Amino acid sequence: MSEFKHFEYMEKHRYEQVVYFYDKTTGLRGITCIHNTTLGPALGGTRLWNYASEEEAVIDCLRLARGMTYKAAAAGLNLGGGKTVLIGDPETVKSEGYFRALGRYVQSLNGRYITAEDVNTSTKDMDFVSMETDHVVGLEGKSGNPSPMTALGAFHGISAALQYKFGDETISKYTYAVQGAGQTGYYLIKKLVEMKAKKIYFSEINKKHIARLQKEHPDVEFIEPKDFFKANVDVLVPCALGGVFNGDTIPQIKAKIIAGTANNVLLDDDIDGNLIKEKGILYAPDFVINAGGLINVYHEIKGYNIGRATRDIEKIYDRLLEIFKIAERENIHTQLAAKVFAKKRIETINNLQDNYIIR
Ligand code: NAD
């Protein structure tokens, strides 16, 4: 494998800062990447993973931090993008000391970076982090579980996509297939049921999740995971894994809209974004439609208020309409249009700062 050129990569994608830290007491080993802070402090969760190599860890951290910049910018938040990865075995490394050590490194960045839970870290772990720093969100007893808010945002996103594609966003007129009835899929299905969706199918691999849904919503029909892509419905709602839309699955699609909560659903943004566009399917960009949880947690920084957070999450509807229009006008796929939209906001706010004002 060729050597990973850190500074070349940072220069190419305009990263601001990469910090390596090691705590001699607990053995904590981690990396914080700050991609861009034009709009505000970089926010991104802390992921704990048994990375095969340090290079794999830093590349993951860099990639995730950049994703957070676009997600926050497209969500209209005054936040930049950042991420922390910890290298270790989630089964063995966790302790109060470990996360307090992390909190001290977060504090050392003096508010340039705000952390939260992520894969293999929990709100309980973040409680330990909060003993050492105020720059942590998603704590127990504050904004709470982000999943219902992510689902709510995706619901507004589905409405926007229906409006744009069919000129009518009445949920009850359409049919849906949801992939994954876990944290977010479950709440999204609940909302679609509440709005009297014409028909909902769901696919799952977890028996408990299948049973829960069949008990609570017997009208929501189970379909085998392999049948999800070719489901004869208006909207495909991915709420499970990444990389699911690719050269094998896209040709099977009959639906006219793809809109769900899952991250990185396009295996390759450009290749698959274009394939979807060529098939005349409207794709709601993942990092825009699934920003409800991030918007919710952002409100913790300002003093959490559920009414304000919910109103901000509703704005995903307008934002998606704007992105769909950019895609149509520029004749580009919607994932690219979302990046154009995010970059434009960062650039505009950056340029505003050209003129000196006294505060
Ligand atoms: P989750 O693990 O609770 O749910 C995912 C569900 O998908 C599980 O029940 C799993 O059994 C099921 N699944 C896995 N493989 C499947 C397959 N092949 N076919 C059908 N079902 C399958 O996760 P979640 O929190 O609901 O997150 C789902 C997606 O949304 C992820 O991509 C996540 O990154 C993204 N997301 C979540 C949030 C949030 O607030 N939880 C926020 C933004 C993005």
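Let's start with an open space in this predicted model: the second largest pocket holds about 380 Å³. Rolling a probe the size of a water molecule over the atoms shows where empty space is left. Here a pocket is an open set of points on a 1 Å grid over the protein atoms alone, where a 1.4 Å probe fits, with protein on both sides within 12 Å along at least five of seven lines. Its volume is the space filled by probe spheres set on those points, which are joined across faces, edges and corners.

So who lines it? A lining residue has an atom within 4 Å of a point. The second largest pocket has 14 of them, and Arg14, His35, Asn36, Lys343 and Ile346 are the closest to its centre. Four elements each supply at least two residues of this lining: α1 (6–13), β2 (29–36), α2 (54–74) and α13 (334–352). Helices (H or I, at least four residues) and strands (E, at least two) are DSSP runs, numbered from the N terminus. Helix α13 gives the largest share, five residues. Sorted by class, the lining has two nonpolar, seven polar and five charged residues. For that sorting, Ala, Val, Leu, Ile, Met, Phe, Trp, Tyr, Cys and Pro count as nonpolar, Asp, Glu, Lys and Arg as charged, and the others, Gly among them, as polar.

Stay with Asn36 for a moment, which sits in strand β2. Is Asn36 buried or exposed? With a relative accessible area of 16%, Asn36 is buried, because buried means under 20%, exposed over 50%, and partly exposed in between (1.4 Å probe, protein chains only). Its side chain makes a polar contact with the side chain of Thr38, at 2.8 Å. A polar contact is a pair of N or O atoms within 3.5 Å; within protein, one must be able to donate a hydrogen and the other to accept it, and residues adjacent in sequence count only if both atoms are side-chain atoms.

Now for the ligand. Which residues come nearest to it? Of the 22 residues around the ligand, those are Thr150, Gln183, Thr184, Glu204 and His209; a residue counts as near if one of its heavy atoms lies within 4 Å. A side-chain N or O atom of Glu204 is 2.4 Å from an oxygen atom of the ligand, and for Thr150 the distance from such an atom to a ligand oxygen is 2.7 Å. Ser147 has a polar side-chain atom 3.2 Å from a ligand nitrogen. On its own the ligand has 820 Å² of accessible area, and the protein covers 75% of that (Shrake-Rupley method, 1.4 Å probe). By class, the shell has seven nonpolar, 13 polar and two charged residues.

Next, a look at some other asparagines. Most residues other than glycine have a negative phi. Asn110 has a positive phi of about 60°, and Asn264 has a positive one near 50°. Asn110 lies in the loop between α3 (96–108) and β6 (113–114) and is exposed at 63% relative accessible area. Asn264 belongs to the loop between β11 (257–258) and α8 (269–278) and is partly exposed at 46%. Asn355, in the segment after α13, is exposed at 53%.

A few notes on reading the numbers: residues are numbered from 1 along each chain as its sequence is written, and side-chain values use heavy atoms, with hydrogens and water left out. In this predicted model, local features need pLDDT of at least 70 and side-chain atom pairs count only at pLDDT 80 or more, while totals for chains, interfaces and linings use all residues.
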